[in-house]
Amino acid sequence: MTRTVFEKSDVVPLVTEVFRELGYEGASLSKITARTRLSKGSLYYFFPGGKDEMVAEILTHIDQWFVKNIFEPLEKNEPLAAIDHMWQEIDTYFQSGQRICLIGAFALDGTRDRFATVIQQYFIRWIEALSAALVQTGVSKEIADQLSEEIIASIQGALVLSRALNDKSFFERTLANLSQRVSSYVSKSNSGQ
């Protein structure tokens, strides 16, 4: 039985999870309709541009979540509170490492070439927002830039290993270790070392 949906905003999360599970190549129209229980007509109504339009909408949807919950808090809020908030939101969003980073997955396959700018901007903004927050805590710009890149890379790697090992505690431990590492850098910076 097909679902009745009235807004694209209702459809995008459903389609997102299919792409998250199957990837771009694996998400055929028949698999999307089967998993979402949406008719092909509904999918074409909401996404007349096909899979590429679906991916564009998915990337926008993910970006909007990260802007609201990660990037803007890092850019606008008190930096230590914003960084602590980031750890919590990341753990929740990625379901303690059991949910893949779809933008990261798209960066690894042929989808990257179609959406390179959007994918790059997602990672660049996250690195820059985190670095700016670290600088506000007293960490030097050079160390903040390096630490931010390492943190985002560690989060992405922890997502892969957590899923591969089927061990959500691995992701949680990684976030805790990264949080301690940031605290250590902030303490050193503020003590003049």
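Reader: What share of the contacts in the protein chain with a separation of 6 or more comes from residues 24 or more positions apart?

Author: Residues 24 or more positions apart account for 67% of those contacts in the protein chain, where contact means heavy atoms within 4.5 Å. This is a predicted model, in which local features need pLDDT of at least 70 and side-chain atom pairs count only at pLDDT 80 or more, while totals for chains, interfaces and linings use all residues. Residues are numbered from 1 along each chain as its sequence is written, and side-chain values use heavy atoms, with hydrogens and water left out.

Reader: How do you know which elements make up the protein chain?

Author: Helices (H or I, at least four residues) and strands (E, at least two) are DSSP runs, numbered from the N terminus, and by that rule the protein chain comes to ten helices and zero strands. The C-alpha atoms of the protein chain fill a box of roughly 65 × 35 × 30 Å along the principal axes.

Reader: Why is T16 called buried?

Author: Buried means under 20% relative accessible area, exposed means over 50%, and partly exposed lies in between (1.4 Å probe, protein chains only). T16 has 2% relative accessibility, and therefore counts as buried. T16 lies in helix 1 (residues 8-26) and, not counting residues up to four places away in sequence, touches I58, H61 and L102. Of the 193 residues of the protein chain, 40% count as buried.

Reader: Why are helix 1 and helix 4 called roughly perpendicular to each other?

Author: Axes are lines fitted to C-alpha atoms, for helices over the stretch in contact, and angles run from 0 to 180 degrees between N-to-C directions. Angles under 35 degrees count as roughly parallel, over 145 as roughly antiparallel, 65 to 115 as roughly perpendicular and the rest as oblique. Helix 1 and helix 4 pack at an angle of about 105°, with their axes 9 Å apart, and they are therefore roughly perpendicular to each other. The contact includes V12, T16 and F19 of helix 1 and V55, I58 and I62 of helix 4. By class, the residues of this contact divide into nine nonpolar, two polar and seven charged, where Ala, Val, Leu, Ile, Met, Phe, Trp, Tyr, Cys and Pro count as nonpolar, Asp, Glu, Lys and Arg as charged, and the others, Gly among them, as polar.

Reader: What makes helix 4 and helix 5 roughly antiparallel to each other?

Author: The axes of helix 4 (residues 50-76) and helix 5 come within 7 Å and cross at roughly 155°, so the two helices are roughly antiparallel to each other. The contact of helix 4 with helix 5 has eleven nonpolar, two polar and one charged residues.

Reader: Why are helix 8 and helix 9 called oblique to each other?

Author: The axes of helix 8 and helix 9 come within 8 Å and cross at roughly 135°, and the two helices are therefore oblique to each other. The residues of this contact divide into eleven nonpolar, three polar and three charged.

Reader: How do you know that the span of helix 9 is close to the expected one?

Author: The expected span of a helix is 1.5 Å times one less than its number of residues. Helix 9 (residues 141-165) has 25 residues and reaches 35 Å from its first C-alpha to its last, close to the 36 Å expected. Helix 9 is followed by N166, whose phi is positive, near 50°.
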